[in-house]
Amino acid sequence: VQLQASGGGLVQTGGSLRLSCQASGTDVTISTMGWYRQAPGRQRELVVSTDYADDLRGRFIISRGRTKNTWYLQMNSLKPEDIAVYFCRVRVPWGDFWGQGTQVTVSS
């Protein structure tokens, strides 16, 4: 399974971004997917997933696209502390797979 994450970029504080993650290389409909992030000098952390769709931060929303095995992360009211590389991860019966990450930068 290959994952392609995209949609990162530079946004001002308070702005929004939508990240995309497309999985390929499998005919299986993937049901478990998560968005993670890793800020400089910090451990990778879970942002939100299909298993835990309640966004603890109240600003990030995960959704499934119309195209098979596509997901989105809508990020609103972005803050400088949201600066990180964002990764998508999927779980299939034969293992977990990660995307390459997309950089999100928030200017203050």
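Q: Which is Cys21, buried or exposed?
A: This is a predicted model, where local features need pLDDT of at least 70 and side-chain atom pairs count only at pLDDT 80 or more, while totals for chains, interfaces and linings use all residues. Residues are numbered from 1 along each chain as its sequence is written, and side-chain values use heavy atoms, with hydrogens and water left out. Buried means under 20% relative accessible area, exposed means over 50%, and partly exposed lies in between (1.4 Å probe, protein chains only). Cys21 has a relative accessible area of 0%, so Cys21 is buried.

Q: Which residue does a disulfide join to Cys21?
A: A disulfide is a covalent bond between the sulfur atoms of two cysteines. The cut-off used is a pair of cysteine sulfur atoms within 2.5 Å, and by this rule the count comes to one disulfide. The S to S distance is 2.1 Å, and the residue joined to Cys21 is Cys88.

Q: How many residues apart are Cys21 and Cys88?
A: Strands (E, at least two residues) and helices (H or I, at least four) are DSSP runs, numbered from the N terminus. Cys21 is in strand S3 and Cys88 is in strand S8, so named by that numbering. The pair links distant parts of the chain, and the separation is 67 residues.

Q: Is the disulfide of Cys21 and Cys88 left-handed or right-handed?
A: The torsion about the S-S bond decides this, and for Cys21 and Cys88 the torsion is about 70°. The disulfide is therefore right-handed.

Q: How many of the seven residues of strand S4 are buried?
A: Strand S4 covers residues 32-38. This strand is largely enclosed by the rest of the structure, because the number of its residues that are buried is five.

Q: What is the phi of Gly41 in the turn between S4 and S5?
A: S4 and S5 form a hairpin with six residues between them. Gly41 is in this turn, and its phi is positive, at about 75°.

Q: Is Arg89 buried or exposed?
A: Arg89 is placed in strand S8. Contact means heavy atoms within 4.5 Å, and beyond four places in sequence Arg89 is in contact with residues including Leu3, Thr32, Met33 and Phe97. Its relative accessibility is 19%, so Arg89 counts as buried.

Q: Which side chain makes a polar contact of 2.3 Å with the side chain of Arg89?
A: A polar contact is a pair of N or O atoms within 3.5 Å; within protein, one must be able to donate a hydrogen and the other to accept it, and residues adjacent in sequence count only if both atoms are side-chain atoms. The side chain of Arg89 has such a contact with that of Tyr36, at 2.7 Å. The contact of 2.3 Å is with the side chain of Asp96.

Q: What kind of aromatic pair do the rings of Phe87 and Trp98 form?
A: Rings of Phe, Tyr and Trp (its six-membered ring) pair if their centres lie within 6.5 Å; planes under 30 degrees apart are stacked, over 60 edge-to-face and the rest tilted. A search of the whole structure finds two aromatic pairs. For Phe87 and Trp98 the centres are 6.4 Å apart and the planes are at 80°, so the pair is edge-to-face.

Q: Which residue has its charged end over the ring of Trp98?
A: A charge sits over a ring if NZ of Lys or CZ of Arg is within 6 Å of the ring centre and within 35 degrees of the ring normal. Trp98 belongs to a cluster with Tyr36 and Phe87, linked by ring pairs. The face of Phe87 has Arg44 over it, 3.7 Å from the ring centre. Over the ring of Trp98, 4.6 Å from its centre, sits the charged end of Arg44.

Q: What distance separates the C-alpha atoms of Gly14 and Leu78?
A: Gly14 lies in the loop between strands S2 (9-12) and S3 (17-24). Leaving aside neighbours within four places in sequence, Gly14 is in contact with Ser77 and Leu78. Gly14 and Leu78 are 64 residues apart along the chain, and their C-alpha separation is 4.9 Å.

How values were computed
Two strands pair if DSSP finds at least two bridges between them.
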